[in-house]
Amino acid sequence: MLSSIFEPESIAVIGASSNEMKWGGRILKNILSGFRGPVYPVNPKEANIQGLTTYSSILDIPYDVEMAVVTVPASSVLPVVEECGEKGVKGLVMISAGFSETGSAGAELEKKLVSIVRKYGMRMIGPNTLGIINKSVDLNASIIGRLPSPGSISFITQSGTLGLALADWTIDMGLGLCKVISIGNKADIDDTDLIEYLNNDPSTGVIAMYVEGLKRGRDFIQAARRIKKPVIVLKTGRSKKGARAVFSHTGSIAGSDEIYSAAFRQAGVLRVDTIEEVFDAALAFSCQPLPRRNNVAILSNGGGASIVASDECERQGINIVDFTEETRKKIKDILPEYASSSNPIDTAGTVSYKLYREMINALLIDQNVDALIVIYVHSPMTNARPPADAVLEMKQRNHKPIIACWMGGAGTEEGINILKSGCLPNYSVPERAVRALAALIKHREFLERVKIGDDVPAQRCA
């Protein structure tokens, strides 16, 4: 039934408007910008909206309607949803707010809404949602205007406005997204339903989540253990004040933070602490294979940056590996005499395509090395593109994860664009690169020790 929401044959927008500053106008415009099926505006006060014949009621539409987006005030929702049920609508995206997030009266209204939804066997996202996006079918049933490029990351968020901000951020980062789901109050469809759906969705490779509270915690944990795809969660409400804010925001009960952390570990869910870490990890999963073990080599043209990376590796439990004797000999032959050949490797400012290519090749061939972090620190005397070209070439010849960190801002753009073109994750500082690699390692450990079943899906490029 969730496919009726994310892959509908036809859509009605109830509360549609010609005014794009209103929710019904903005969402209708966004749906029309890409969706290829029939779209029916519903508004009893207008005859034509955005060039489309408009109907007074969904019951007046002389065609089948699979999914309805509802944007009317909360006081008008119940009769509208009753008509949706009579029409045979299968899925609802309930944009309307004013339910359990507002207090006891709203909670009672929400119960009546769910009763009607279940009476007719419909499924519902929301209420109190900013909508949903499914890039794989060009569906934007949300108020989000700018859309990222297609990719394999699906994002579930309990905060609609956060979803808006993150959609914009992913565009700036060059991340590809598959689905954005503003889940709202989770009165019907909840986190468990969604991760089970996304687990079977061929276009989703990584599941990222912003969670304030879980209504079916035990079911979620059981479902997550069966999912081999990476599930990355930012769970808020850790502090007492944060937990109170969660309840007033969406009506969720945050629950004990320690219980959540323990449950996530048991289910193989990657819990992160910041929004930045959610997408850093998701980017790595969408672009890189999993490392076989936790042994890393670090290559940098700046000693300070490699030391920062080394310190973060130790904090994350990543082993800065000793090279084989053969690799050490190769490194000494390649590097200038004044450069450091031990791990982490410092080229002492020397940067060239040939140097980086030969060094990366030597390190990836080493049987002790499971992953490689390559750092480039920009200066007026160096060019950011040649080392990026070398990384891209060697990535295409090897199957070990390579995490890049091109530092320096202005002047690094050409090199970073080369990395992006080859589906190589790039991070602006070493700590972020190391934490992204740590997420890959942790998920591989989850697959070995926690997850149910033996099949491990290959990671796909966004």
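What does Y63 count as, in terms of relative accessibility?

Reply: Happy to: Y63 counts as partly exposed, at 47% relative accessibility. On this scale, buried means under 20% relative accessible area, exposed over 50%, and partly exposed in between, with a 1.4 Å probe and protein chains only. Please keep in mind that this is a predicted model, in which local features need pLDDT of at least 70 and side-chain atom pairs count only at pLDDT 80 or more, while totals for chains, interfaces and linings use all residues. Residues are numbered from 1 along each chain as its sequence is written, and side-chain values use heavy atoms, leaving out hydrogens and water.

Now to the rings: the structure holds seven aromatic pairs. Rings of Phe, Tyr and Trp (its six-membered ring) pair if their centres lie within 6.5 Å; planes under 30 degrees apart count as stacked, over 60 as edge-to-face, and the rest as tilted. Y63 and Y40 form a stacked pair, 5.7 Å centre to centre with 10° between the planes. This pair links distant parts of the chain, 23 residues apart: Y40 sits in strand β2, and Y63 in the loop between β4 (52-53) and β5 (67-70). Helices (H or I, at least four residues) and strands (E, at least two) are DSSP runs, numbered from the N terminus. Y40, at 10% relative accessibility, counts as buried. The rings of F155 and F279 have centres 5.4 Å apart and planes at 55°, so this pair is tilted. Here too distant parts are linked, F155 in strand β10 (residues 149-157) and F279 in helix α10, 124 residues apart. F155 is buried at 3% relative accessibility, and F279 is buried at 1%. Back at Y63, ring pairs link Y40, Y55 and Y63 into a cluster.

Charged side chains make links as well. A search of the whole structure finds 27 salt bridges, each a side-chain nitrogen of Lys or Arg within 4 Å of a carboxyl oxygen of Asp or Glu. In one of them, the closest N and O atoms of R36 and D138 are 2.6 Å apart. R36 lies in the loop between α2 (23-32) and β2 (39-42), and D138 in the loop between β8 (131-134) and β9 (139-142), so the pair ties together parts 102 residues apart in sequence. R36 is exposed, with a relative accessible area of 62%, whereas D138 is partly exposed at 35%.
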